[in-house]
Amino acid sequence: MVEDQQPIERRDLRAALEARTHLGEGYDAELAESFLARVEKDIQARVDLQVTERLNGAKIQTKADSEGRELSFVLGIVSVGVSIPLMAIEAAMLRPDALPAIAITWAGIGVVNWAFNRRRR
């Protein structure tokens, strides 16, 4: 809300009605317009505050999403970087048990990536 403007209260309406009794019926339109203008400003200030709060919340959320995507990308690069030497070592063995070792390595890398991305949500 605007800092120099206080929220409208019941006493403000009472004051406008009391002013009407002192000024007479000739000022009804002016008093009503003045009071409604103040109500409109108060409503606009509240709407502006809510919009600002939501926009700030969206910016924070967008920044967090962006950082999470960057971390996922880095984890993916590291996973590939780690898997290449492991595959080379396992392939160099050229033994019958190399294929299960390769499958276990890829499964482990997949589980690490899955767990990381699940934790972020």
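Guide: Let us start with A15, which is partly exposed, with a relative accessible area of 45%; here buried means under 20% relative accessible area, exposed over 50%, and partly exposed in between, with a 1.4 Å probe and protein chains only. Please keep in mind that this is a predicted model, where local features need pLDDT of at least 70 and side-chain atom pairs count only at pLDDT 80 or more, while totals for chains, interfaces and linings use all residues. Residues are numbered from 1 along each chain as its sequence is written, and side-chain values use heavy atoms, with hydrogens and water left out.

A15 sits in helix α1. Helices (H or I, at least four residues) and strands (E, at least two) are DSSP runs, numbered from the N terminus. Along the chain, A15 and F35 are 20 residues apart, and their C-alpha atoms are separated by 9.9 Å. Helix α1 itself covers residues 10-23, and the distance of 20 Å between its end C-alpha atoms agrees with the 20 Å that its 14 residues should span; the expected span is 1.5 Å times one less than the number of residues. Just after α1, G24 takes a positive phi of about 100°.

Moving on, helix α2 takes in residues 28-93 and holds both D42 and R46, four residues apart, or about one turn of the helix. These two form a salt bridge, with their closest N and O atoms 3.2 Å apart; the term asks for a side-chain nitrogen of Lys or Arg within 4 Å of a carboxyl oxygen of Asp or Glu. Side chains of opposite charge can pair when their charged atoms come close. The structure holds one salt bridge.

Together with F73, V74, V78, V82, L86 and I89, I77 forms a nonpolar patch on the surface, with about 640 Å² of accessible area in total. Patches are made of residues with over 30% relative accessible area and no salt bridge, where like charges are joined within 9 Å and nonpolar side chains (Val, Leu, Ile, Met, Phe, Trp, Tyr) within 5 Å. Accessible areas come from the Shrake-Rupley method with a 1.4 Å probe, and for residues only the protein chains shown count as cover.

Leaving aside neighbours within four places in sequence, T105 is in contact with L86, M87 and E90, where contact means heavy atoms within 4.5 Å. T105 is buried, at 13% relative accessible area. A103, also found in helix α3, is partly exposed at 46%. A103 and M87 are 16 residues apart in sequence, with 9.8 Å between their C-alpha atoms.

Stepping back, the protein chain has three helices and zero strands. Buried residues make up 16% of its 121 residues. Of the contacts between residues at least 6 apart in sequence, 63% join residues at least 24 apart. As for confidence, pLDDT is the predictor's confidence in each residue, from 0 to 100. The chain's mean pLDDT is 76, and 81% of its residues reach 70 or more. Confidence is lowest in α1, where we began, at a mean of 76, and highest in α3, at 81.
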